[in-house]
Amino acid sequence: MNDRAGRRRARRLAIGTAVVLALAGMNGPWLYRFGTAKYHQYQINKPEYKAANGKWEIVRFPKEYRQNTIHAALLRTGKVLLVAGSGNNQDNFDAKRFDTRIWDPVKGTIKKVPTPSDLFCTGHTQLANGNLLIAGGTKRYEKLKGDVTKAGGLMIVHNENPDKPITLPAGTTFTGKEGGKTFVSKDPVVVERATKVFDKKTGKFLRNDPGLGRIYVEAQKSGRKYETGTQDNYRIRGLTGADARNTYGIAQKLALDKKDFQGIRDAFEFDPVAEKYIKVDPMKEARWYPTLTTLSDGKILSVSGLDDIGQLVPGKNEVFDPKTRKWTYTPKIRQFPTYPALFLMQNGKIFYSGSNAGYGPDNVGRDPGIWDVASNRFTKIPGLSDAKEMETSGTVLLPPAQDEKFMVIGGGGVGESAQSSNRTRIVDLKADSPRFVDGPTLEKGTRYPQASILPDDSVLVSGGSEDYRGRGNSNILQARLYHPDTNTFESVADPLVGRNYHSGSLLLPDGRVMFFGSDSLYGDAANTKPGVFEQRIEIYTPPYLYRDSRPSLSGGPQTIARGASGTFTSPQASVIKKVRLIRPSASTHVTDVDQRSIEMKFTVSGDQVMVTMPQNKNLVQSGWYMLFVDDDQGTPSKAQWVRVP
């Protein structure tokens, strides 16, 4: 236990003891009245309580500015981008009502922003130029079994012509050779040319491996009689000659089964100064629930997601070049579940913690490990407890980032499982043989936990639910501060609002933490009433902001190159004990691969604080950061924004 945590626990014990002694001397009715919510408010607003536990407050937006926030990102202007898209609302989707807001937490203003596509369940990451890259979203909402009226599914189109690709427009008709049933495509598809295969030793031609295209098709009419029961080959109406001979479809069962969400290829940069979306080239693959992660060369990796036919993208990952604003495939295929937690390591490789948020086989791409994207080599990391309960778990790079230790928090079983884990697991990637070990346990099994790095090197862990999407009123109204130096949790004030699916958190420049969203499946403990999306924003003010004073930081350069130094002014320079560079968050679906807190070396002379930027480009990726200084009590300054070129 560190001294700071010990002092807070002692203060809480003293407060609680005083309350018990006071109440013991009162009569019954008075004791009852003091046990009300009003007394609770009195207690949690006492200065000494807030100094030990912090405080939660709800931000009340006018009704016309409330939304079903699915994604949030801190912009380099200090404002927060709140993205709903259609907000998991079919009516909004059908009416093409797509929503984005910008909230200024300093001025308290909120502004609507035109939203070009349904960015519900998109992916996002911070770019070096200060823009936010956003890619993917929703093309079609899921249809549950019973709501599907037309038989349909996946058609694989084969092209055996090695000389040219072929394009089939939307509305192309496929007729089964055996069953004679007809299906129509919903979108155009380009089927690449066949590949000629030769014997490596003799050079003799062996065969053509057909090019493949994937397309969603459905029956022309409603009814069960239009379903197919087995695989069939399909002729394509309208093709003649060689095209008719070389091009055909193959489909398995086409039925009235549940149809999953479908993704889009659209990609945008959000400009925080102009406060608008800028369209860039679309991705090669449509993606719904993708993860975007910055690579060593500054390009952005896009991984996983459901494609434009509702199938998990089959390991076809791609890279965005911010200079050309175009996408290219990676040379090798590797499959992950949707929203995988992928982090750039200091050696340029990618760490996959095993955390993910939803779709994919339970036996493909779920093992944690280290991925060399260039060679596609993947090295598994052993020791993960509750390994089958990693879906909806959270992962955070513990501060300082130089230590390269990660914590995996909670999680649950695959899909709509009621299983949840109360484990935390820690892995040291700098160890000779990295291996997960268990950290302190949570009080309850927790799906959808939120974790935000604070400038004093603690990590705020809050929210979540014990069951899938909060079933059975299982939201967890608890918050903890994790201290990496002692590997312990410290209880702090409880949040006022439950948070589960479609929720997130991010650190603000003033040192507070913002929480958004929550999408409970049901609205009652009996699971009989539909849930209502949580539109309230909640702010947690940590204990360090209830001390007598905090250091200030001013002046200094706006740009500091790696390996270079910059000098700032602080009247409290003599008591500065830490300098931290924190990358702004971009959070959704328990996934925030951007946030990291980097230790900066510093020297003090009078009221001058000279900080030095680390040299490793994989540790300090190009972009905008918040620069905090902490005093000898662990109290942080407000952030100064600094750009690393």
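Colleague: Which residues have the most contacts inside the largest nonpolar core?

Modeller: In soluble globular proteins, nonpolar side chains tend to be buried together. A nonpolar core here is a set of buried Ala, Val, Leu, Ile, Met, Phe, Trp, Tyr and Cys residues joined through side-chain atoms within 4.5 Å. Buried means under 20% relative accessible area, exposed over 50%, partly exposed in between (1.4 Å probe, protein chains only). The largest core has 35 residues, and Phe351, Leu429, Leu581, Met613, Val620 and Leu627 have the most contacts inside it. Strands 31 (405-409), 42 (576-582), 46 (608-612), 47 (623-631) and 48 (640-644) each supply at least two of its residues. Helices (H or I, at least four residues) and strands (E, at least two) are DSSP runs, numbered from the N terminus.

This is a predicted model: local features need pLDDT of at least 70, side-chain atom pairs count only at pLDDT 80 or more, and totals for chains, interfaces and linings use all residues. Residues are numbered from 1 along each chain as its sequence is written, and side-chain values use heavy atoms, with hydrogens and water left out.

Colleague: Which residues of helix 3 are buried?

Modeller: In helix 3 (residues 37-44), they are Tyr39, Gln43 and Ile44. They sit on the same side of helix 3, because their arc is only 130 degrees around the axis. The arc is that of the directions from the helix axis to the C-beta atoms. Exposed Ala37 and Lys38 are on the face turned away from the buried side.

Colleague: Where is Cys121?

Modeller: Cys121 lies in the loop between strand 5 (109-113) and strand 6 (123-126). Its phi is positive, about 65 degrees, although Cys121 is not a glycine. Cys121 is buried, at 0% relative accessibility.
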